[in-house]
Amino acid sequence: MAGKAVEKRPEVDPRDEPSAEWGWHGSFPKATRIAGWLSAAILLVMIKGNHENNTENVWLVGLAAFIVLLLLLDLRKSRTAWRK
């Protein structure tokens, strides 16, 4: 049975990233983007609450804006990735 096993070549060069030899070396780009947009939306929905002052609101809006900024930068990077 060992003779029939087919060895798969990794898509990533093991010299660049040694972990590619011993395990799965991929990512979840769609799931990461969806989770990011959902997280930003949930943070903004959390503004509606029983807050005593606006400190919590500032943090919620700031974190949501930071996540959206990262998502937009990722979108821009993925659109220009084919040019490399």
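A salt bridge here is a side-chain nitrogen of Lys or Arg within 4 Å of a carboxyl oxygen of Asp or Glu. With that in hand, let's walk through this predicted model, which holds 1 salt bridge.

**The overall layout**

The protein chain has 2 helices and 0 strands. Helix H1 covers residues 29-45 and helix H2 covers residues 55-79. Of the chain's 84 residues, 10% count as buried. If you look at contacts with a separation of 6 or more, 43% of them join residues 24 or more positions apart.

**The salt bridge**

Which two side chains meet in the salt bridge? They are those of Arg-33 and Asp-74, at 2.8 Å from N to O. This pair links distant parts of the chain, since Arg-33 sits in H1 and Asp-74 in H2, 41 residues apart. As a general point, side chains of opposite charge can pair when their charged atoms come close.

The class follows from the cut-offs: buried means under 20% relative accessible area and exposed means over 50%, so values in between are called partly exposed.

**How the helices pack**

Now for the way H1 and H2 meet. Their axes come within 8 Å and cross at roughly 155°. That angle makes H1 roughly antiparallel to H2, because angles over 145 degrees count as roughly antiparallel. The crossing of H1 past H2 is left-handed.

Which residues of H1 take part in the contact? Arg-33, Gly-36, Trp-37, Ser-39, Ala-40, Leu-43 and Leu-44 do, and they meet a set of H2 residues that includes Leu-60, Leu-63, Ile-67, Leu-71, Asp-74 and Ser-78.

**A closer look at Ser-78**

How far apart are the C-alpha atoms of Ser-78 and Pro-29? They are separated by 9.9 Å, although the two residues are 49 residues apart along the chain.

How values were computed. Residues are numbered from 1 along each chain as its sequence is written. This is a predicted model: local features need pLDDT of at least 70, side-chain atom pairs count only at pLDDT 80 or more; totals for chains, interfaces and linings use all residues. Side-chain values use heavy atoms; hydrogens and water are left out. Helices (H or I, at least four residues) and strands (E, at least two) are DSSP runs, numbered from the N terminus. Axes are lines fitted to C-alpha atoms, for helices over the stretch in contact, and angles run from 0 to 180 degrees between N-to-C directions. Angles under 35 degrees count as roughly parallel, over 145 as roughly antiparallel, 65 to 115 as roughly perpendicular and the rest as oblique. A crossing is left-handed if the near helix is turned anticlockwise from the far one by less than a right angle, and right-handed if clockwise. Contact means heavy atoms within 4.5 Å. Buried means under 20% relative accessible area, exposed over 50%, partly exposed in between (1.4 Å probe, protein chains only).
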